[in-house]
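This report describes the fold, domains and chain contacts of a predicted model. The sequence and structure come first, and the description follows.

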Amino acid sequence: MSALTISGVTKTFGGVTALRDLDLTVHEGEVFGFLGPNGAGKSTAINVVLDYLTPDTGSVEVFGVDAQADPVAVRERVGVLPEGYSVLGELTGREHVAFAVESKGGSEDPADVLDLVGLAPVADRRAADYSKGMRQRLAFGMAIVGDPDLLVLDEPTTGLDPNGARFIRDTVSSLRDDGTAVFFSSHILDQVEAVADRVGILRGGELVAVDSIDGLRTAAGGGSRLEVTLDADPSPARLDAVRGLDGVSEVTAAGATVTVACENRAKAAVVDELRADGATVLDFETSETSLDELFARYT
Amino acid sequence: MSWTVVARKDFRDALRSRAFWGVSALFLLLVVSLSVAYAQVDELSGGDPSALGLVFFIATAIGVFVSIAAILTCYKSVAGERESGSMKLLLALPHTRRDVVLGKVAGRTGVLAVPIVAALLVGAGLGTALLGEVAPLATVLFGLVGLLFALTYAALVVGISATTGSTGRAAALAIGFFLVFELLWDTVVIALVFVANGFVFPSGPGALPEWTYPLVQLPPSNAFVTSLSAVIPDAPGAAAGPGPGAGQVETFFGTPWLGLVVLLFWVVVPLALGYRRFARADL
C-alpha cells in the first residue's frame, strides 16, 4: 500500500486551473520532495490532500483511505504542517501542543515536544507573540505528535534560520529511518537535495518530472559538469569533436577554459578528445549537475 | 468525543477575551443596580416587591446582555479562524468540521454561562437581603432557562459565523440579525399587519389579527421571557409573554410553551444552515 496516492486531480479557481490531472504516488517510508516555481500548484495539491479544498475531479488516498470521504481517519495517521496558517487564539505554546496531543490521542508530554523543537523557554508565552520561526517550530512540533505514519509538510523551513532548517532536515531523516513517509514541498533546493529519496517537479499545475535526483540528472542528459583549463584556446573543430562524443550534451568555451555537461561515463573521453592535438590540461574540475540546474532545465 | 476537545480549547480561549470580561462586569453591575432599584422603588415593583417579581424584572436585562455578549464572543468564532488561517491548524488535527462547529457552540455557551450564573447568585443574594424572602426554585429554573437562552444565541451566532470566511461579513450579519429581530421587530410586525390589512392601519380593540401573537414570539429574547412564564410556576401576570391580547388566543400559539419551541428553532436552524455552507467551503 502506498502512503499517498493522488489520481487524476484537477482543481480550478475562478478560471485558473491550479492543478491539471495530477497523478502522484508516495511510497511508504520514503521522503518525497515536491518542487516547483511559485504558483505551480504545490500548496493547492497539499490542500487537496488535507481536504481543505475539494478537487473538481480525481481522488486522493492516504494509506488506502479516501481523503475527501474520511478526512479524520486520514489525519489520525498523518502529521500536518500547512502553509498560510496562524496560531490558535490566546493559547500558549504548551496549550497548543497539549491540544494536539489530546486531539490525536497521543501520549507525549507537551514539555518533551517543546523541548525537542527548542521552545522550552517560551512554552508558557502566548503563541501569538512568538516570532515567525518559533511559530513554525511549534507547528512542526504539533505535526510530529502521535507518531504519524506520513508527514505532510508545506514549505516546512519557511521563517527558519539555517539551524532551524537543519533541525527539520535531521528530524525528517530520522523519522524516515523509523519508517515514516514524508511528503513535503519546498523552494529550497539544498534542503530537498539533502534529504529526499525522490523528487517531483510541478509546473503550471502539471507534474513534469518524477524521479530520484540521480535519475533526473541522467534523464536531463547530464550527470556531470567538467571544467577543463587547457594551455591554449581550443579550436572550434576540437570543440565540435567533443560535442559529437556519445553522452555529451553541452559544450561551451571561455578562452582556454572549456565547460562540458555530460554523463559520467563520458568524462574520460572528453578529456582525451581535448588533449588530442597535444594540448596540456592545466586544471580540471568536476561536479554533479546541481538540482538548481535540473530545476531550471525543467521549469 | 472529538468535539469536547475543541469545546474545552474554545472555552479556555474565549475566557481570555478582555472585551468579554468588560461586558460581564457591566452586566453584573446592571443586575445589582436593578435588584436594588426593584426592591426600593415602588413604581417598579407595583408596590409589592417579591423575589419572583425580582427574577422577572431582571429577565429583560439578561436578555439584552446575552444577545450582545453572544454576538461579541461568537461572531468571529468560525469566520475569524478561516480568515486568519488558524482554521487550517485546527483542521490539521483529526477533527471533522462538524466537531469544530459543535465544539465552538459548546465552548462559547460555557463562557456565557459564567456571568449568567454569577449574576443570578448575586441577584438572588441581594433579593434575599433586600426583600427578606427567597425563591429558590424560581431562581434555579430561571438559571436553566437562561442557560438555554445562552445556548440559543451562541448557536445562532456561531451558525452565522460559519456561513462566511470574512469577519466583516459575519459581524454585519450578526448585527443585522440583532437589529431586525430584536430592536426593530415590533416595527416589522406592524408593517406586516399594515400590508396584510390592505395598506391601512387597523384600529380599535382586538384589532390586531391572531397571527401577530406567535410572530411576536419569534425574537429569541421574547421567546426567552415567554419560556420563563411557561417554566416557572406562579409567574406574575405582568411577565406573561409580550404581545397584543395574549390572553385572548386559545390555541397552542397562545401558550407560553411556544417560547421554548422558538428557542429550539433558533438553536437548530441557523446552525444547521451555517454548518452546511462551512462543510462545503474551500479554505
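## Overall make-up of chain A

Chain A contains 11 helices and 14 strands. Its C-alpha trace extends over about 75 × 45 × 35 Å along the principal axes. The chain has 299 residues, and 44% of them are buried.

Taking the contacts with a separation of 6 or more, 68% are between residues 24 or more positions apart.

## Two domains in chain A

The domain assignment divides chain A into domain 1, residues 4-211, and domain 2, residues 221-298. The centres of domain 1 and domain 2 of chain A, taken over C-alpha atoms, are 41 Å apart. Eight residues from domain 1 of chain A and four residues from domain 2 of chain A take part in the contact.

On the domain 1 side of this contact, the elements of chain A that give two or more residues are helix H7 (189-195), strand E9 (198-203) and strand E10 (206-211). H7(A) gives the most to that side, with three residues. By class, the side of domain 1 of chain A that touches domain 2 of chain A has six nonpolar and two charged residues, and no polar ones.

## The four-stranded sheet

Four strands of chain A form an open, antiparallel sheet in the order E12-E13-E11-E14. Its edge strands are E12 (248-254) and E14 (281-288) of chain A, each of which pairs on one side only. On average, neighbouring strands of this sheet are turned by 15° against each other, direction ignored. E12(A) and strand E13 (residues 257-262) of chain A run antiparallel and are joined by six bridges. Ala254(A) is placed opposite Thr257(A), a residue of E13(A).

Two helices lie across strands of this sheet. Helix H9 (residues 236-243) of chain A lies across E12 and E13 of chain A, and runs at about 160° to E12(A). Helix H10 (residues 267-274) of chain A lies across strand E11 (224-230), E12, E13 and E14 of chain A, and runs at about 20° to E11(A).

## Two non-glycine residues with positive phi

Phe63(A) is not a glycine, yet its phi is positive, at about 50°. Phe63(A) sits in the loop between strand E4 (57-62) and strand E5 (65-66) of chain A. Is Phe63(A) buried or partly exposed? Phe63(A) counts as partly exposed because it has 17 C-beta neighbours inside 10 Å, where being buried takes 20 or more.

Glu155(A) is another residue other than glycine with a positive phi, here near 50°. Glu155(A) is found in the loop between strand E7 (150-154) and helix H6 (162-177) of chain A. With 20 other C-beta atoms within 10 Å, Glu155(A) is buried; the cut-off for a buried residue is 20 or more.

## Contact between chains A and B

How many residues of chain A are in contact with chain B? There are 23 residues of chain A in contact with 18 residues of chain B. On the chain A side, helix H2 (71-77) and helix H3 (93-104) are the elements that give two or more residues. H3(A) supplies the largest share of that side, five residues. By class, the side of chain A that touches chain B has 13 nonpolar, five polar and five charged residues.

## Two helices of chain B

Leu173(B) is part of helix H10 (residues 167-183) of chain B. Leu173(B) is buried, since 21 other C-beta atoms lie within 10 Å. Between Leu173(B) and Asn222(B) there are 49 residues of separation in sequence and 20 Å in space, C-alpha to C-alpha.

Helix H11 (residues 185-196) of chain B has 12 residues. H11(B) reaches 16 Å from its first C-alpha to its last, close to the 16 Å expected at 1.5 Å a residue. Gly198(B) follows H11(B) and has a positive phi, near 80°.

Technical notes
Residues are numbered from 1 along each chain as its sequence is written. Chains are lettered from A and ligands numbered from 1 in the order in which they are written. This is a predicted model: local features need pLDDT of at least 70, side-chain atom pairs count only at pLDDT 80 or more; totals for chains, interfaces and linings use all residues. The expected span of a helix is 1.5 Å times one less than its number of residues. A residue is buried if 20 or more other C-beta atoms lie within 10 Å of its own, exposed if 12 or fewer, and partly exposed in between; C-beta atoms are placed from the backbone. Two residues are in contact if their C-beta atoms, placed from the backbone, lie within 7 Å. Ala, Val, Leu, Ile, Met, Phe, Trp, Tyr, Cys and Pro count as nonpolar, Asp, Glu, Lys and Arg as charged, and the others, Gly among them, as polar. Domain bounds come from an automatic or database domain assignment. Two strands pair if DSSP finds at least two bridges between them. Axes are lines fitted to C-alpha atoms, for helices over the stretch in contact, and angles run from 0 to 180 degrees between N-to-C directions.
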